[in-house]
Amino acid sequence: MTRFRFGRWGMLDNPIGADVTWQQNGRKHLARVYDIYRRETPQAYMLRVRYFNGEDAGEVAASAVEVLVREYEAANQPTA
């Protein structure tokens, strides 16, 4: 697992479609990101996430999630 990268001017990674996990109220959640926006006060990048059964999981701060890395996608890419 890894985290999203942030630079001076914002997020360096595109989170749309990423599978993420985070802790909330003593439970670990797993969901997929479908939208992102920048909250003004207090400033943060917020992710809108959805569970895999289609239920909306609400919003979570981008800095609070861990990204699940899919290693099989890179291994199965065709070579030119």
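The following dialogue explains how terms are applied to a predicted model.

Modeller: In this predicted model, local features need pLDDT of at least 70 and side-chain atom pairs count only at pLDDT 80 or more, whereas totals for chains, interfaces and linings use all residues. Residues are numbered from 1 along each chain as its sequence is written, and side-chain values use heavy atoms, with hydrogens and water left out.

Biologist: How many helices and strands does the chain have, and what makes a run count as one of them?

Modeller: A helix is a DSSP run of H or I with at least four residues, a strand is a run of E with at least two, and both are numbered from the N terminus. The chain has 1 helix and 7 strands, in the pattern β-β-β-β-β-β-β-α along the sequence.

Biologist: How do you know which strands S4 and S5 are and that they pair?

Modeller: Two strands pair if DSSP finds at least two bridges between them. Strand S4 (residues 27-39) and strand S5 (residues 44-50) are joined by 7 bridges in the antiparallel sense, and therefore they meet the criterion of at least two. One example is aspartate 35, whose bridge partner in S5 is arginine 48.

Biologist: What joins S5 to S6?

Modeller: There are 5 bridges between S5 and S6, which run antiparallel. Arginine 50, for instance, has aspartate 56 as its bridge partner in S6. The two strands form a hairpin with 5 residues between them, and glycine 54 in the turn has a positive phi of about 95°.

Biologist: In what order do the strands of the open sheet stand, and why is one side of S6 and of S7 left without a neighbour?

Modeller: The open sheet has 5 strands in the order S6-S5-S4-S3-S7, with antiparallel pairing. Strand S6 (56-61) and strand S7 (66-67) are at the edges and each has a single partner strand, so one side of each has no neighbour in the sheet.

Biologist: Why is alanine 62 called buried?

Modeller: Buried means under 20% relative accessible area, exposed means over 50%, and partly exposed lies in between, using a 1.4 Å probe and protein chains only. Alanine 62 has 2% relative accessibility and therefore counts as buried. Its place is in the loop between S6 and S7. Leaving aside neighbours within four places in sequence, alanine 62 is in contact (heavy atoms within 4.5 Å) with Phe4, Phe6, Met11, Tyr45 and Leu47.

Biologist: Is methionine 1 buried or exposed?

Modeller: Methionine 1 has a relative accessible area of 60%, so the term is exposed. This residue is found in the segment before strand S1 (6-7).

Biologist: What makes the link between histidine 29 and tyrosine 51 a polar contact?

Modeller: A polar contact is a pair of N or O atoms within 3.5 Å; within protein, one must be able to donate a hydrogen and the other to accept it, and residues adjacent in sequence count only if both atoms are side-chain atoms. The side chains of histidine 29 and tyrosine 51 are joined at 2.8 Å. Histidine 29 is found in strand S4 and, at 11% relative accessibility, counts as buried.

Biologist: Which residues are linked in a network of salt bridges?

Modeller: Asp35, Arg48 and Glu59 are linked in this way. Arginine 48 forms a salt bridge with aspartate 35, with 2.7 Å between the closest N and O atoms. Arginine 48 also forms one with glutamate 59, where that distance is 3.5 Å. Since arginine 48 lies in strand S5 and glutamate 59 in strand S6, the latter pair ties together parts that are 11 residues apart in sequence. The whole structure contains 5 salt bridges.

How values were computed: Salt bridge = Lys/Arg side-chain N within 4 Å of Asp/Glu carboxyl O.
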